[in-house]
Amino acid sequence: MYRETEILQQTSPGIIGETGEFTINVGPQHPATHGVLHLVITLSGETIKKVEPHLGYIHRSIEKMCESLNYRQFIYVTSRMDYLSAHINNHACALCVEKGLQIEVPPRAQVIRILMDELTRVASHELWWGAMAMDLGAFTPFFHAFRERESINEIMEETCGARLTMNYIAPGGVVQDLHPDFQRRVKEFLKLYKRKIHEYDELVTGNIIFQNRMKGIGMLSAKDAISYGVTGPAARGSNVSSDIRKIQPYEIYDKLEFDEVLETGCDSFARYMVRIREMQQSIRIIEQLIDNIPEGDFQAKTKAVLKLPKGEFYTRVETARGELGVYIVSEGGTTPYRIKFRSPGFSNLSVLDHIARGSKIGDLVAMMGTLDLVIPDIDR
Amino acid sequence: MWSLAHIANEIHQWLNNTFNPTWTLIIEMVLAGVAVIGLFAALGLVLVLMERRVAAWIQIRLGPNRVGPLGLLQSMADTLKLIVKEGLTPDGADKVMFNIAPFIAMIVAMLLMAPIAFAKDFQLWDLNIGVLYVTAVSSIMVISILMAGWSSNNKYSLMGAMRSGAQIVSYELSAGLSIMTIIVLTGSLQVSDIIQAQSNGWWIFKGHLPVWISFIIFIIAVTAETNRAPFDLAEAESELTAGFHTEYSGMKFALFFLAEYINVFIVCAIGATLFLGGWMPLHFGSNNAFNNAMDYIPSSVWFFGKTFFLIFLIMWFRWTFPRLRIDQLLNLEWKYLLPISMFNLLLATAMAILGWHF
Amino acid sequence: MSKELLKFRITELLPTATFDDSGEWLNVELTAAEWPTLAGALCKDSHLALDYMFCLTCIDWKTHLTMVYHMTSTSFRHSVVVKVKLDRDKPEVVSVSKCWRTAEFHEREVYEMFGVNFLHHPDLRLLILPDGWEGKNPLRKDFEDPINMIRL
Amino acid sequence: MFLTDYIKDVTGALKSLATGMKRTLYYFTHHKEIITEQYPDNRATLVMADRFKGEVVMPHDEKNEHRCTGCTACELACPNGTIKVVTKFDITPEGKKKKAIDKLVYHLELCTMCNLCVQACPSDAIKMAQTFEHSVFDRSKLTKILNNPGSKIMEGVE
């Protein structure tokens with residue numbers, strides 16, 4: 001039992017001290033944390049005084065595990081970090097290995113990877129949208145979001161062979177060529193998405209209750225966002241340009257037309273709008289690429305056993321939640337000497353205490369929703 | 001013509017002929033009690049199923065369809081499950097209060113059944129302050145929630161209960177004021193009088209703007225009073241796990257659950273009585289053929305039809321809207337609903353004095 | 001700012017710093033004693049403005065530990081990697097959570113995973129490991145978990 | 001003006017709520033939009049994607065022959081230790097000793113369906129099956145032996 005004594009102390013009767021403050025445990029089993037996040041929050045009435053995250057309930061020590069796995073094997077483990085953008089995690093690792101080996105990835109593989117990345121991003125944001133609305137007490141959007149997400153999952157299943165942990169990327173390219181039906185299915189999805197996207201605004205975005213719940217809460221200034229290392233949509237809601245696809249373009253992102261979504265609101269609603277608009281940008285990228293997939297190999301020729309040269313390699317990739325950094329220290333062997341995943345969730349969580357102070361419990365749930373925390377990503 | 005009142009009279013006649021008046025009264029009371037409990041059970045089963053179906057269809061799902069034909073026996077199965085489940089009492093709980101609270105919730109719901117006219121001349125107790133009685137008794141509901149929340153010895157429960165207390169007490173004001181509009185127009189607190197006053201048209205049709213406004217406010221206020229989404233802050237499962245009934249399980253939880261649905265039924269029945277004419281059939285001016293056709297539909301069908309329409313409305317709210325925050329909830333009441341309903345009452349009074357309604 | 005200019009500027013701030021620019025970014029190698037002065041300068045200096053620390057980690061080299069700080073500037077988009085060599089038996093370094101708030105969490109993670117003691121850290125407690133964790137620091141090379149170790 | 005703003009607030013709020021309610025009413029009344037799949041009733045018509053990674057199987061032909069040479073490439077490729085190759089030595093008709101598999105033990109409970117073993121196999125002896133109903137009442141049933149009893153290696157596979 002983890003921290004049994006501590007939990008008992010905090011929940012024992014005689015709850016309210018002289019200051020009128022008391023603590024409650026949100027999690028590890030709580031509907032709003034969407035996982036096993038444990039927050040000890042200090043309250044005065046309904047007002048939050050302090051939020052203290054306790055992590056580690058789903059820590060698998062992926063970094064240590066990767067030290068004993070070779071460069072082909074370790075990629076699959078990273079699907080289990082941020083399972084909602086599993087494909088992008090794999091992409092980051094493959095990029096890092098390719099950087100070390102100096103492999104040129106064939107153009108077809110690059111396009112396939114980006115297509116899958118953006119599909120993953122849309123799927124992830126759709127799940128977030130549903131879960132976000134559910135945190136605020138509206139259940140229906142969750143099912144509506146899953147309808148669209150399901151068609152992405154089916155595309156993934158057809159081409160990659162799995163719906164969530166795809167393992168579709170190998171160093172040098174992708175594992176298999178695209179399924180012959182891929183283009184047709186993606187176009188069908190785009191049609192469905194365009195037909196249904198206005199419902200998102202009707203059901204949630206335009207709703208007066210929702211707007212009142214989101215506007216002006218969880219204020220995060222641009223300076224704090226940078227200092228706390230907040231990345232991804234959460235930072236862009238504070239008008240911090242942090243899209244790695246623009247700052248340090250990888251693959252062919254520099255040749256694609258898309259906008260970095262920035263909002264100036266700095267509040268939860270701005271972070272919400274960033275994700276909603278980002279979905280449209282991802283759709284834009286998919287539309288540009290879906291008819292222009294170059295012919296050719298889907299994988300570069302690689303050796304059966306990969307050996308990275310001695311040195312350090314770092315890649316930054318934009319996942320659905322923010323900046324994922326993969327830092328490989330190689331001693332020249334077949335396994336990494338040390339590997340570090342700079343996961344976006346970990347840094348985004350660290351800002352929660354800062355933005356939640358002084359707001360209500362209901363707001364805390366909304367803020368956790370807009371930071372889009374995925375617990376295995378935080379714990380790794 | 002077949003009607004509930006007719007059956008009631010038949011029973012009354014037969015009892016009077018068979019027993020002396022005292023025994024007749026006692027037997028009739030027992031019968032009424034049994035009927036109310038039976039209605040409770042039936043309503044619980046029907047409303048739970050209805051809620052699940054409404055939710056499912058709105059959420060592009062099918063809903064319960066495995067137990068019995070079309071899933072009609074689903075709520076029976078749920079009840080069976082809840083009955084055989086163990087009802088836990090937490091260690092640190094105040095055991096007496098903890099165990100009494102769900103029963104108080106049920107008793108309040110039962111008491112509220114008394115003045116409701118289910119059909120023409122079919123009413124348990126047509127007391128002359130019927131509407132006042134309903135508003136007064138329904139405020140006791142909050143006590144059961146506070147008891148449940150406090151005695152659970154759980155901070156989530158306590159917070160849910162406190163939220164619920166603040167919420168119900170405030171929303172009772174605007175619910176009361178919107179009911180006042182009808183009372184002003186009718187000039188009586190008696191339920192049968194209010195229904196009779198609508199024989200030439202329901203208030204919603206002949207009351208113009210003030211009644212429409214008060215109808216909207218009434219629906220909002222009773223949604224809040226019954227702790228239904230978007231005002232379900234007492235439960236708020238994404239914030240407070242399950243609010244005041246976090247620690248309840250088994251049949252004690254089922255009683256809370258049932259009381260919630262019965263309360264929804266009652267407030268909708270009151271709404272139907274006050275605004276939609278209770279069991280009064282729909283009549284259009286002097287279109288006699290239409291009016292006669294409407295009269296052929298039994299009055300109980302009219303009553304239940306209107307009530308279930310309002311229940312559907314409340315369920316529709318629940319599955320569409322996100323939840324409010326506690327301060328916004330109180331803002332809505334004190335800054336919007338209360339001033340509007342006060343102004344509206346003034347308007348209605350002026351209208352009643354000047355006789356501007358039909 | 002190019003690598004040369006960065007090198008120049010950092011040498012101005014700290015003359016004893018040694019550089020390694022073979023990698024993608026400029027590497028600055030320091031000792032633990034030099035780090036606090038440079039850290040303050042790096043985040044505040046108007047020419048460098050390295051305001052965003054995107055990675056903070058530690059490497060166990062079996063003979064010594066190395067703290068690795070990746071920093072970048074959100075206004076100029078140049079990056080600098082700082083490596084601080086620490087004694088393996090008694091690793092101590094000053095916390096940089098005052099300059100970069102994100103370091104607070106990352107340092108807590110390094111503290112429990114590598115046993116590095118961060119001086120002046122506002123809240124140096126176990127974050128991921130269960131309270132009362134005894135024994136070795138999990139990410140050190142000599143850590144062996146008798147039950148859950150992955151070995152192929 | 002304060003009052004007009006107030007009224008605008010209220011009507012705007014009601015309008016936004018009505019928009020949402022209109023959308024949900026649409027779904028309430030349009031049942032053809034329902035997307036529920038009635039698993040397991042639709043087992044007969046359920047088609048899995050042909051690349052779906054359900055479990056590792058070893059195909060055998062009608063003569064009960066497989067293509068596995070026992071090279072242990074899959075065992076080495078597996079990140080979880082899911083596959084264990086137990087080899088034996090067959091005596092060929094020429095009297096030579098030849099390495100062959102005795103058992104190819106596959107632990108479904110450890111498998112993460114990463115497909116690395118299938119990619120690593122030089123003789124295409126194993127592949128991914130599209131089954132997905134893996135629940136059993138006993139954990140030991142998840143440990144499978146992929147080669148059929150009495151099976152042997154196909155002619156010409158080296």
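Colleague: In β8(A), which residue is the bridge partner of Tyr327(A)?

Modeller: The structure is a predicted model. Strand β7 (residues 323-330) of chain A pairs with β8(A) in the antiparallel sense over 5 bridges. In this pairing, the residue of β8(A) that partners Tyr327(A) is Lys340(A).

Colleague: Which strands of chain A stand at the edges of that sheet, each with a single partner strand?

Modeller: The sheet is an open one of 3 strands in the order β6-β7-β8 (chain A), paired in the antiparallel sense. Because each edge strand has a single partner strand, one side of it is left without a neighbour in the sheet. The edge strands are β6 (311-318) and β8 (338-342) of chain A.

Colleague: By what angle are neighbouring strands of this sheet turned against each other on average?

Modeller: The strands in question are those of the order β6-β7-β8 (chain A). With direction ignored, neighbouring strands are turned against each other by an average of 10°.

Colleague: At about what angle to β6(A) does helix α4 of chain A run?

Modeller: Helix α4 comprises residues 86-101 of chain A and lies across β6 and β7 of that chain. Relative to β6(A), the helix runs at about 145°.

Colleague: How far apart do the C-alpha centres of domain 1 and domain 2 of chain A lie?

Modeller: The domain assignment places residues 4-54 of chain A in domain 1 and residues 62-379 in domain 2. The contact takes 15 residues from domain 1 of chain A and 16 residues from domain 2 of chain A. The C-alpha centres of the two domains lie apart by 31 Å.

Colleague: Which strand gives the largest share of the side of domain 1 of chain A that touches domain 2 of chain A?

Modeller: Domain 1 of chain A brings 15 residues to this contact. The largest share of them, 7 residues, comes from residues 47-54 of chain A, which form strand β3.

Colleague: Which two chains have the most contacts among the pairs that touch?

Modeller: There are 5 pairs of chains that touch. In one of them, 29 residues of chain A are in contact with 26 residues of chain B. By class, the side of chain A that touches chain B has 16 nonpolar, 7 polar and 6 charged residues. The pair with the most contacts is that of chains A and B.

Colleague: How far apart are the closest C-alpha atoms of chain B and chain C?

Modeller: No contact joins chain B and chain C. Their closest C-alpha atoms are separated by 24 Å.

Colleague: Which residues of chain D does a cis peptide bond join?

Modeller: In general, most peptide bonds are trans. The bond in question has an omega of about 5°, and Pro40(D) has its place in the loop between α1 (2-29) and β1 (55-57) of chain D. The residues joined are Tyr39(D) and Pro40(D).

Colleague: Is Leu70(B) buried, exposed or partly exposed?

Modeller: Leu70(B) lies in the loop between α2 (21-58) and α3 (74-84) of chain B, and its phi is positive, about 55°, although it is not a glycine. A residue is buried with 20 or more other C-beta atoms within 10 Å and exposed with 12 or fewer. Because Leu70(B) has 13 such neighbours, it counts as partly exposed.

Terms used. Residues are numbered from 1 along each chain as its sequence is written. Chains are lettered from A and ligands numbered from 1 in the order in which they are written. This is a predicted model: local features need pLDDT of at least 70, side-chain atom pairs count only at pLDDT 80 or more; totals for chains, interfaces and linings use all residues. Domain bounds come from an automatic or database domain assignment. Two residues are in contact if their C-beta atoms, placed from the backbone, lie within 7 Å. Helices (H or I, at least four residues) and strands (E, at least two) are DSSP runs, numbered from the N terminus. Ala, Val, Leu, Ile, Met, Phe, Trp, Tyr, Cys and Pro count as nonpolar, Asp, Glu, Lys and Arg as charged, and the others, Gly among them, as polar. Two strands pair if DSSP finds at least two bridges between them. Axes are lines fitted to C-alpha atoms, for helices over the stretch in contact, and angles run from 0 to 180 degrees between N-to-C directions.
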